[in-house]
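Take a look at the model below.

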Amino acid sequence: MVLPVLKGPFTVESFQRLGELGILGEDDRVELIDGQVVEMTPIGAAHVSCVNRLNALFAPLAGREATLSVQNPLVLSEHQEPQPDFTVLRHRPDGYRARLPGPTDVLLVIEVADTSLAYDRDVKIPRYARASIPEAWLVDLTGDRIGVYREPRADAYSLVHWAARGEILTPLLLPQVALAVTEILG
């Protein structure tokens, strides 16, 4: 269960200031959701394995085509700074040194869930839709499937498809990429 760590509301700026002051450390697994500092669930072996597979599968894009961001912050709004499991970002020569990536930088955002399925589906995915991120994937390790969310509208995606083993996924903004669901699930 994901619990608030500190009473808010906090803005992204004040949240980042908590880190600068040493109140939150680099190793604290927290993210900013609706202005609240929320503890993230621990990462298990199946989760790590899936994120590593995603990194390997998307690695050919790294460099000039895209920037791969693994479990790093993404600023969605003044009160939202989640840490998606995997994000494919538009390439920037500075590697996002000048600022954290925002919604317009995202080509694809991916959450990997084993114990966090309800939180990722009911909390994080709607916030990606609200930020107009064109596509989000939810890798459901327990259900052995991948939710593909497209066409963001308000707090939801209007197009949702659950892909199973045997299917091929092609990200909307990365038409040159074709990934087998089986490769992602392992």
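Predicted model: local features only at pLDDT ≥ 70, side-chain atom pairs only at ≥ 80, totals over all residues.

Residues are numbered from 1 along each chain as its sequence is written, and side-chain values use heavy atoms, leaving out hydrogens and water.

Start with helix H2, residues 45–58 (helices are DSSP runs of H or I, at least four residues; strands are runs of E, at least two; both are numbered from the N terminus). In H2, His47, Cys50, Val51, Leu54 and Phe58 are buried (under 20% relative accessible area; exposed is over 50%, partly exposed in between, with a 1.4 Å probe and protein chains only). They cover an arc of only 95 degrees around the axis, so they sit on the same side of H2 (the arc is that of the directions from the helix axis to the C-beta atoms). An α-helix has 3.6 residues a turn, so residues three or four places apart point the same way. On the other side of H2, Ala45 and Ala56 are exposed.

Now the rings. The structure holds four aromatic pairs (Phe, Tyr or Trp ring centres within 6.5 Å, using the six-membered ring of Trp; planes under 30 degrees apart are stacked, over 60 edge-to-face, the rest tilted). One of them joins Phe58 and Trp137, tilted, at 6.5 Å centre to centre and 55 degrees between the planes. Phe58 lies in H2 and Trp137 in strand S7 (residues 135–140), 79 residues apart. Both Phe58 and Trp137 are buried. Ring pairs link Phe58, Phe86 and Trp137 into a cluster.
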